[in-house]
Amino acid sequence: MKHILKILALLVAISACWIGLLQVSVIPESYTWLLPLYFIVSLGCYGILMVGVGLMQFPTCPQEALLLHQDILEAKDFLKNKGVDVGSN
Amino acid sequence: MDLADKAVGLLLSGISLSVFTYYTFWVIILPFVDTDHFVHKYFLPQEYAILIPVFALVALLCFLCMFVGYVMLKSKKKKA
């Protein structure tokens, strides 16, 4: 419950800032109307950018993959000798 | 396999950066430019700058609601 209240308080604060910005005409009015939409679009863009950057920097560890394959083969042989049916997939 | 990942990552970052710069230019810089400058040819009329994101948001919300409804229906059918 407290978490929802915190999020709601944040939203109310942001809308108060926006309405305040509308009243004080420092920026031309047409800009102030488009500002929330601009922030939403830029937030979405930032999310996609972070996903793309994370994808590009994802480590694959090829040596670990090789060791893992060897471990799998070892385990299969061991289990087959003990009589367990491993079945290749 | 990691080359495909890198290519997809690069594509996503490229798309996001280009969308961001295009939208920033559209909303912030273009109103300051005189109406007979040639650069206005490359940008759609300003009403679309509002319509397209709002339409995309509404479409995303509809898709989410449909997906949640579909999953709920499927789980209810499996239980009954």
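## Reading the pockets

Tutor: In the lining of the largest pocket, α1(B) gives the most, six residues. Helices here are DSSP runs (H or I, at least four residues), numbered from the N terminus. The model is predicted, with local features needing pLDDT of at least 70, side-chain atom pairs pLDDT 80 or more, and totals for chains, interfaces and linings using all residues. Residues count from 1 along each chain as written, chains are lettered from A and ligands numbered from 1 in written order, and side-chain values use heavy atoms without hydrogens or water.

Student: How is a pocket found?

Tutor: Rolling a probe the size of a water molecule over the atoms shows where empty space is left. On a 1 Å grid over the protein atoms alone, a 1.4 Å probe is used; a pocket is an open set of points with protein on both sides within 12 Å along at least five of seven lines, and lining residues have an atom within 4 Å of a point. Volume is the space filled by probe spheres set on the points, joined across faces, edges and corners.

Student: What volume has the largest pocket?

Tutor: About 420 Å³. Of its 16 lining residues, A:Val41, A:Cys45, B:Val19, B:Pro53 and B:Ala56 are the closest to the centre. Two or more residues each come from α2 (29-56) of chain A and from α1 (2-29) and α2 (46-79) of chain B.

Student: Which element gives the largest share of the second largest pocket's lining?

Tutor: α1(A), with five residues. That pocket has a volume of about 180 Å³. Its lining includes A:Trp18 and A:Phe39.
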